[in-house]
Amino acid sequence: MPEVTQLIVWEALIFLFALFGIVVIQILTGAINARGLLEGTTSGGTRFKSTGRVQLLIATIVTAVQYLSQVVDNSQKFPDIPQNWLLLFGSSQVIYLGSKFHALYGKDSDS
Amino acid sequence: MSNYSSALVFLESLAGYLICIVVALFALLVLWRIFDRTIDLKFLLSEKDKDSERAVASMSRFQLLIFIFVIAFSFFLVVISNIKIVQRQTKVDYNNLPELPDVPRGVLELLGISASSYAVSKAIQHGAGKSGNGDGGAEARAGGAPGGRPPEGD
């Protein structure tokens, strides 16, 4: 019979992965609405593929993977996030917000 | 005295297993209800527009979802690692057991950036709606948005 701590570890691991799996499957099958994730809206209400959102998605995934790899390498304590990464991530957010602002306000004044 | 001690250890293990089983049952129930969609996650990533028929996915929500999974998994890995360290020790010092890990400042800053970006994004959207631009503006042109620009006609 496994020890209680071992049981807790497996329980938490299975729950976390199952939850992650269900969410990913539901996003892929469309059960969780992910429509328009990479689309922006212009002032006219039309939707377009937004580069700001694409670059933010890439920055998010890269940051997440980089952090996870740090944790896997040394899992004795929570690794801190280097200032450079925070700067990169912050800049990505600014670009996203800038592109959103431009789409909603800029095109209207152009026309 | 030794009998009492072994009985206490048995009781402790029994309580541990029982709590584990109860928590596992709750976890299974939650997972099953999400799976069969009794707990509906359809709008987990969506932002509700003023126009209730149209709900579009939000990048901020998606980002928060990813970070929550990453940080939860990391927290779990760190705790397991600390447990393993204690288990490897031949003689456990009960006065010096590892505590739950501290969340470093960088992680909080990351979540802060993400959350404030969400707030600013909503403010931009809201502002656009009020001034007749963006989604709200589109609705205003259709004659729908409260407080928006009056319809200008086609």
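The stops below go from a single helix to the core and then to the contact between the chains.

Bear in mind throughout that this is a predicted model. Begin by selecting residues 4-29 of chain A, which form helix H1 with 26 residues. If you place a distance between its first and last C-alpha, H1 of chain A reaches 37 Å, close to the 38 Å expected at 1.5 Å a residue.

Next, turn to the largest nonpolar core, which has 18 residues, and select A:Leu56, A:Tyr67, A:Ile81, B:Leu45, B:Phe62, B:Val107 and B:Leu110, the residues that touch the most other members. Colouring by element then shows that two or more core residues come from each of helix H2 (51-73) and helix H3 (83-110) of chain A, and likewise from helix H2 (59-88) and helix H3 (105-130) of chain B. H2(B) supplies the largest share of this core, with five residues.

Within that set, centre on A:Tyr67: leaving aside residues up to four places away in sequence, which residues does A:Tyr67 touch? They are A:Ile81, B:Val70 and B:Ser74.

Finally, select the contact between the two chains, to which chain A gives 49 residues and chain B gives 57 residues. On the side of chain A that touches chain B, H1, H2 and H3 of chain A each give two or more residues, and the largest share, 14 residues, comes from H1(A). Coloured by class, this side of chain A shows 29 nonpolar, 13 polar and seven charged residues.

Technical notes. Residues are numbered from 1 along each chain as its sequence is written. Chains are lettered from A and ligands numbered from 1 in the order in which they are written. This is a predicted model: local features need pLDDT of at least 70, side-chain atom pairs count only at pLDDT 80 or more; totals for chains, interfaces and linings use all residues. Helices (H or I, at least four residues) and strands (E, at least two) are DSSP runs, numbered from the N terminus. The expected span of a helix is 1.5 Å times one less than its number of residues. A nonpolar core is a set of buried Ala, Val, Leu, Ile, Met, Phe, Trp, Tyr and Cys residues joined through C-beta atoms within 7 Å. A residue is buried if 20 or more other C-beta atoms lie within 10 Å of its own, exposed if 12 or fewer, and partly exposed in between; C-beta atoms are placed from the backbone. Two residues are in contact if their C-beta atoms, placed from the backbone, lie within 7 Å. Ala, Val, Leu, Ile, Met, Phe, Trp, Tyr, Cys and Pro count as nonpolar, Asp, Glu, Lys and Arg as charged, and the others, Gly among them, as polar.
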